[in-house]
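Hello,

Here is the structure for your files. My notes follow below it.

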Amino acid sequence: MNLSLVLEHLVLVLFTILFTLLFGLPLGIYAYFDRRAKKVVLWSVEILQTIPALALLGVIMVVAGAGKATVICGLTLYSMLPVVHNTYLGLSEVSPAIKEVAIGMGMTRAYRLFHVELPIAFPVIFTGIRIATVTAIGAAVFATFVGGGGLGSVIYRGIRTQNMTMILGGTLSLMLMAVIIDCSMGFVEGRLHRHRRK
């Protein structure tokens, strides 16, 4: 298996998760603070998740053209739900008693968010990041159809030429990548949740 294609796939996933966090965390926080906007925000990201990844990439390609930017944009939208939902959920689960103590100490809303609520909610948020990462790894296979490269190109070439070695090589590489990253993040997630319960 060509190592450069594996690295290309990982880069696509890395940038996808960075942009997912850049937009997903603020949206989750916004849904938490503004209960009227909560339904609209959560409904919007749920709708994006229901659109097939390849269809979403195709629509974006019509507007922005083919290339890695299209792939990252599409995968970011597709991976948004778990980050937005878990950010909202994690913040909502912070004990009201803790919030009251923070208010009683004179903390501002912003200070309370960054120094009290987000640290407590982070294990739940991290679970969302883990789900989004694994989702992006699988969905990035479709990158090859819009000029994004990655491991999908190996699998697609293998299917087109009926080359089982290429198909198995690409599939196993993808599975191995997903398992290693998921297990690594699962280990971190477990430690975060244990620390939270202490």
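Read along the sequence, the pattern is α-α-α-α-α-α-α-α-α. That gives 9 helices and 0 strands in the protein chain. Both are DSSP runs numbered from the N terminus: helices are H or I with at least four residues, strands are E with at least two.

This is a predicted model, where local features need pLDDT of at least 70, side-chain atom pairs count only at pLDDT 80 or more, and totals for chains, interfaces and linings use all residues. Residues are numbered from 1 along each chain as its sequence is written, and side-chain values use heavy atoms, with hydrogens and water left out.

Overall figures next. The C-alpha atoms fill a box of roughly 70 × 40 × 20 Å along the principal axes. Of the 198 residues, 42% are buried (under 20% relative accessible area, 1.4 Å probe, protein chains only). The chain exposes about 10,700 Å² (Shrake-Rupley method, 1.4 Å probe). Carbon and sulfur atoms supply 71% of that area. Take contacts (heavy atoms within 4.5 Å) between residues at least 6 apart in sequence: 77% join residues at least 24 apart.

The axes of α5 (residues 80–92) and α7 (residues 109–139) come within 8 Å and cross at roughly 145°. Axes are lines fitted to C-alpha atoms over the stretch in contact, and angles run from 0 to 180 degrees between N-to-C directions. On the α5 side, the contact residues include P82, V83 and L89. Among their partners in α7 are L113, E117 and I125. By class, this contact has 12 nonpolar, 5 polar and 1 charged residues.

Best regards

Methods: Ala, Val, Leu, Ile, Met, Phe, Trp, Tyr, Cys and Pro count as nonpolar, Asp, Glu, Lys and Arg as charged, and the others, Gly among them, as polar. Buried means under 20% relative accessible area, exposed over 50%, partly exposed in between (1.4 Å probe, protein chains only).
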